[in-house]
Amino acid sequence: MTTLLAIDTATEACSAALLHNGQRYHRFEIIPRLHAQRLLPMIEELLAEAGIGMSAVDCLVFGRGPGAFTGVRIATGMVQGLAFAIGKPVIGVSNLAALAQRAYREHGVEQVAAAIDARMDEVYWGCYRLEQGVMRLQGEERVCAPEQVSPPAELVLQGGAGTGWQYAERLAVQAERQWPQMLPDAQDLLDLAMPDWQAGHWLDAADAQPVYLRDQVATPKQR
């Protein structure tokens, strides 16, 4: 059976999840600025709990962003290093999709707007609909001011997930239910990556790339 290892460090949360022989093992901690120190021990704990070595992993999955730039780089670098070491492929998954998948897993909503606080008075934004058990992007992911967000016309938002919903009063749309404290979780990356793994849509470690959405990462937005 497939063995997948997923990691995510794109937000304040640091998480890792392992699927092995149909069983799931999971770690999730909210530890801002401590991801680099904690991530590898988390992975080692999961492997020990499952009773396997790193070489048993078939594919490594990572939250590719958008999110905190340092955090996204940590996950990308970690998954590349591990994948190179064991000669296995990687799959990158959107952190906005991970939020939508978590909202479905925890609350059963099937049409979700995911939003992550992008700082600089902007949000990372994407809308998703459940299709065959996984959240699929409707339209495109973007970074914009809260007042500029817009879902596809055919989407009826049942939920709003992610820290970008702290700007709910400024967002140009509303959702029936909102979870502004929700953060991406690596266990949802497993569900999102499985169809790609089964279809053979993976990457060599060297091709793993972060997705920032924002080109200018270090300087304030020009007014």
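Entry 1. Is Trp125 buried or exposed? I looked up Trp125 and found that this residue is buried, with a relative accessible area of 1%. Here buried means under 20% relative accessible area, exposed means over 50%, and partly exposed lies in between (1.4 Å probe, protein chains only).

Entry 2. I noted the basis of these values. The model is predicted, so local features need pLDDT of at least 70 and side-chain atom pairs count only at pLDDT 80 or more, while totals for chains, interfaces and linings use all residues. Residues are numbered from 1 along each chain as its sequence is written, and side-chain values use heavy atoms, with hydrogens and water left out.

Entry 3. I turned to the aromatic pairs, of which the structure holds 3. Rings of Phe, Tyr and Trp (its six-membered ring) pair if their centres lie within 6.5 Å; planes under 30 degrees apart count as stacked, over 60 as edge-to-face and the rest as tilted. One of the pairs is edge-to-face: Phe69 and Tyr212 are 5.4 Å apart centre to centre, with 65° between the planes. Phe69 belongs to helix α2 (residues 69-86) and Tyr212 to the segment after α4 (186-199), so that this pair links distant parts of the chain, 143 residues apart. Helices (H or I, at least four residues) and strands (E, at least two) are DSSP runs, numbered from the N terminus. Phe69 counts as buried because its relative accessibility is 15%.

Entry 4. Trp125 and Trp165 form a tilted pair, 6.1 Å centre to centre and with 40° between the planes. This pair also links distant parts of the chain: Trp125 is in strand β7 (residues 123-131), and Trp165 is in the loop between β9 (159-161) and β10 (177-179), 40 residues away. Trp165 is buried too, at a relative accessible area of 2%.

Entry 5. I then examined strand β7, where 7 of the 9 residues are buried. Two strands pair if DSSP finds at least two bridges between them. Strand β6 (residues 111-117) runs antiparallel to β7 and is joined to it by 7 bridges. Val112 has Tyr128 of β7 as its bridge partner. Strand β8 (residues 134-144) is also antiparallel to β7, with 8 bridges between them. In the hairpin of β7 and β8, 2 residues lie between the strands, and Gln132 takes a positive phi near 55°.

Entry 6. Which strands form the open sheet of 5 strands? The order is β3-β2-β1-β4-β5, and the pairing is mixed. The edge strands, β3 and β5 (90-94), each pair on one side only. Between β2 and β3, which run antiparallel, I found 8 bridges.

Entry 7. Finally, I looked up helix α1 (residues 35-50). Its 16 residues should span 22 Å at 1.5 Å a residue, and the end C-alpha atoms are 22 Å apart, which agrees. The expected span is 1.5 Å times one less than the number of residues. The buried residues of α1, among them His35, Leu39 and Ile43, pack against β1 (4-8), β2 (13-20), β3 (23-30) and α2. Contact means heavy atoms within 4.5 Å.
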